[in-house]
Amino acid sequence: MRTKNMARLGGIAAVVAAALLWSVPAWAHPRVFDPPGPGMAGAAAAGSTAPAPAPMTATAAGPTLTRQLAHARLATAKYATNLARAKADGYQVITPMMPDMGIHYMNPGIGGFTITKPQILVYEHHGNTWQLGALEWVFPSIPKTPPLPNATFGFFPAACHYKDGTFIPDKNSKTCQKTNPKTGSTFSFWHPDLTTMHVWIWYPNPAGLYSSTNPLVAPFNGG
């Protein structure tokens, strides 16, 4: 997940096989701009005091960033220190502790970019406690128009993932082993090369809002 400059555009292979039937999870082939879902619209219609977030468009610029991030925090506050809630809502582990990042949990049913529905939650783990650090979205390639103002991106190589959160880099979905030879965990899904966008709104990051890594989470690198 090395940080890329937006100018370094690079195409990747089209999203192909994954999971048990070799179909890639929804989060691995996202669209860049999605309007708010019907749930938000319904909440507004029901008299919710929280305004429904406006859809991100190519003209959404700096002044809207604070509002968009506020919507993201409101939507994910229930997960901030409650990993069990995230799991109950469909997030499942896809990595072990990634140094200076965290342990990644993804929801395979979420696709596209919606600021209130991150595809991945990045947690820091200490003892029996879990703290949400960053939200993350993935894209087949670097978006021509960033979904958030001045966003920068990282990279995650094609890999076979296993149910215990371990993964093995592999460019070919058909060569994924049914069990991880090191841990014995069963195969879960495969994805192609992906562009990633971290947004550190739950843990301060002196490296920047969109940095893939965060020096302040180094104490949690032991998992």
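**A friendly note on this predicted fold**

1. Let's start at one glycine: G111 sits in the loop between β2 and β3. This is a predicted model, in which local features need pLDDT of at least 70 and side-chain atom pairs count only at pLDDT 80 or more, while totals for chains, interfaces and linings use all residues. Residues are numbered from 1 along each chain as its sequence is written, and side-chain values use heavy atoms, with hydrogens and water left out.

2. G111 and F139 are 28 residues apart in sequence, and their C-alpha atoms are 9.7 Å apart in space.

3. Now for the whole chain. The protein chain has 3 helices and 9 strands; both are DSSP runs numbered from the N terminus, helices being H or I of at least four residues and strands E of at least two. Along the sequence the pattern reads α-α-α-β-β-β-β-β-β-β-β-β.

4. In what order do the strands of the open sheet lie? The 6 strands run β1-β2-β3-β4-β9-β5, with antiparallel pairing. The edge strands, β1 (92–93) and β5 (154–156), each pair on one side only. Two strands count as paired if DSSP finds at least two bridges between them. In general, strands of a sheet pair through backbone hydrogen bonds, either parallel or antiparallel.

5. For a closer look at one pair, take strand β2 (residues 103–106) and strand β3 (residues 120–126), which pair in the antiparallel sense over 4 bridges. Within this pair, Y105 stands opposite L121 in β3.

6. The disulfide count comes to 1, where a disulfide is a pair of cysteine sulfur atoms within 2.5 Å. C160 is joined to C176, with an S to S distance of 2.0 Å. C160 lies in strand β6 (residues 159–162) and C176 in the loop between β7 (167–169) and β8 (187–191), so the bond ties together parts that are 16 residues apart in sequence. The torsion about the S-S bond of C160 and C176 is about -85°, so this disulfide is left-handed. C160 is buried at 2% relative accessible area, and C176 also counts as buried, at 10%.

7. Finally, some totals. Of the 223 residues in the protein chain, 47% are buried. Among contacts (heavy atoms within 4.5 Å) with a separation of 6 or more, 60% are between residues 24 or more positions apart.

Note on methods:
Buried < 20%, exposed > 50% of the residue type's maximum accessible area, 1.4 Å probe, protein only.
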